[in-house]
Amino acid sequence: MVGIVENYDEILKGKYPAKEHARKVAKWIIEKGGDKNGTIYLEAQKQKLNEDNDGEAPFRQRRYFFYLSGCELPDSYLTYEISTDKLTLFIPGVEPDEVIWSGLPLSPKEAISKYDIDDCKTTADVNSHLASSTDTSLSTIYAIPEQISDHVTFLNFKEKDLKELKPAIEYCRVTKTDYEIALIRKANEISTVAHVNVMKAARKARNECELEAVFLKSCVERNAKNQAYHSIVAAGTNGATLHYVNNAAPIDKQNLLLLDAGCEVDCYASDITRTFPIQGHFNEESRAIYDIVLHMQKQCIAALKAGAVWDSIHELAHKIAIDGLLALGILKGDAEEIFKARTSVAFFPHGLGHYLGMDTHDTGGNANYADKDSMFRYLRVRGTVPARSVITVEPGIYFCRFIIEPYLQDEKHKQYIDEKVLEKYWDVGGVRIEDNLLVTEDGSENLTPTPKEVNEVLSLVNNA
């Protein structure tokens, strides 16, 4: 079992482990035959203005830069000298005209106190620092293409490698430090409060917008101002659209609401989906589908541990879905034949889950979107999952006419679908249940405390 301290506040009193991440990335590069005397170079995202006006566009820090710095400042730079283990941050200096409007920027002294770095200079010192680094004429500079400013020069270095750094960081990001897990845990707890508040507000809501507003308010007032992704607030048949983002339809007589939403804490995401009856009671069809999806999720979580093959767990989800839909009469025939025909993809078209971290769909999953097998085409993680990775488990069953109707016209698939029974389920829309799981050596730890058992959900919606 991975030892994790549940009190994330204690862990987060320390510094983001930028130095540990830098060493991890350097180790990966060296193990791939890289230069042990090389230098890693990264740039922060630039602050940009909105097109055609002088207002600042929303800022999102480059995750590659943040991973080795923990610094949220735009227009910054960093170097990590592998042989000397020196991590240097370069931040914007004082610009008098800017101070008038924005106040004094963070000073280098303050930055050294705040971040897990060895030294801090201003951005005016970047080129002189690169030119004066130890033995640059004999070593390699590692950088990411398209993320190198025009004024920055690597002329003093013997070699310039623009291929290894990005995959090195993407690989290293898969497994998480205690600090990163604490951030994800905190994001999950804040998002859980927001999900609960939406459930409590659902019966009085007139449209999806109101419930999105409840979620956002709950996050912002807990100092989680950024969302990890655009929320999905989908009532009724809108839930059959996997990435529905309109969030503006009226709420009237729909039975279910699918809420896929999660906040971000210090660049680390949560990603939670809950589906619940808006008026406080399931109808027969929606309850039947909910029970199948919850069973899918519980069985897949039970199968999860370090070294487990994610493709196989995804297959397990489909097999459970097939058994459930056969029991309802939506599917008919032999379960194994249905599985081999891939007919269940009509109802469960997406992958079971994805890595989670600084990005909602985090790096390192080795997805193959060109896979000719429809069951695996959208599976964002392939192969074995390691301990200390965080992965979402999010099975779903959907009744989307655009997806299912072509199956009803296909001789290969229509023999396995009972159209008369299916007709009763179109209004269900979609059911998805999603948690964030920390993979451990002998199982997993669920970082998502959001209620999902039927009695818990009904109690919240009915304010019982």
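**Exercise 1.** Classify Lys217 as buried, partly exposed or exposed from its relative accessibility, and do likewise for Glu221.

Solution. Step 1: the model is a predicted one. Step 2: a residue is called exposed over 50% relative accessible area and buried under 20%, with partly exposed in between. Step 3: Lys217 has 54% relative accessibility and therefore counts as exposed. Step 4: Glu221 has 47%, so Glu221 counts as partly exposed. Step 5: the two residues form a salt bridge, and their closest N and O atoms are 2.8 Å apart.

**Exercise 2.** Decide how Lys414 and Glu411 are placed relative to each other in helix H14, and describe their contact.

Solution. Step 1: helix H14 covers residues 411-414, and the two residues are three apart in it. Step 2: because of this spacing, about one helical turn separates Lys414 and Glu411. Step 3: their side chains meet in a salt bridge, at 3.0 Å from N to O. Step 4: Glu411 is exposed at 57% relative accessibility, while Lys414 is partly exposed with a relative accessible area of 34%.

**Exercise 3.** Find where Lys452 and Asp435 sit in the chain, and state whether each is buried or exposed.

Solution. Step 1: the side chains of Lys452 and Asp435 meet in a salt bridge, with 2.5 Å from N to O. Step 2: this pair links distant parts of the chain, 17 residues apart. Lys452 is in the loop between strand S17 (443-446) and helix H16 (454-461), and Asp435 is in strand S16 (residues 435-440). Step 3: Lys452 has 12% relative accessibility and so counts as buried. Step 4: Asp435 is also buried, its relative accessible area being 0%.

**Exercise 4.** State how many salt bridges the model has, and name the residues that are linked in a network of them.

Solution. Step 1: side chains of opposite charge can pair when their charged atoms come close. Step 2: a salt bridge is counted when a side-chain nitrogen of Lys or Arg is within 4 Å of a carboxyl oxygen of Asp or Glu. Step 3: the count comes to 30 salt bridges. Step 4: a network of salt bridges links Arg60, Arg63, Arg173, Lys176, Glu264, Asp359 and Asp362.

**Exercise 5.** Compare the surroundings of Thr88 with those of Leu316.

Solution. Step 1: Thr88 belongs to strand S3, and Leu316 to helix H11 (residues 310-328). Step 2: Thr88 has 0% relative accessibility and therefore counts as buried. Leu316, at 29%, counts as partly exposed. Step 3: neighbours within four places in sequence are set aside. Thr88 is then in contact with Tyr77, Leu78, Thr79, Asp119, Lys121 and His129. Leu316 touches Gln299, Cys300 and Ala303.

**Exercise 6.** Identify the phi values of Asp52 and Arg388, and locate both residues.

Solution. Step 1: Asp52 is not a glycine, yet has a positive phi of about 70°. Arg388, also not a glycine, has a positive phi of about 75°. Step 2: Asp52 lies in the loop between strand S1 (39-43) and helix H3 (63-67). The loop of Arg388 runs between helix H12 (335-341) and strand S13 (390-393). Step 3: Asp52 is exposed at 78% relative accessibility, whereas Arg388 is partly exposed at 23%.

Notes. Residues numbered from 1 in each chain as written. Predicted model: local features only at pLDDT ≥ 70, side-chain atom pairs only at ≥ 80, totals over all residues. Heavy atoms only, no water. Helix = DSSP H or I, 4+ residues; strand = E, 2+ residues; numbered from the N terminus. Buried < 20%, exposed > 50% of the residue type's maximum accessible area, 1.4 Å probe, protein only. Contact = heavy atoms within 4.5 Å.
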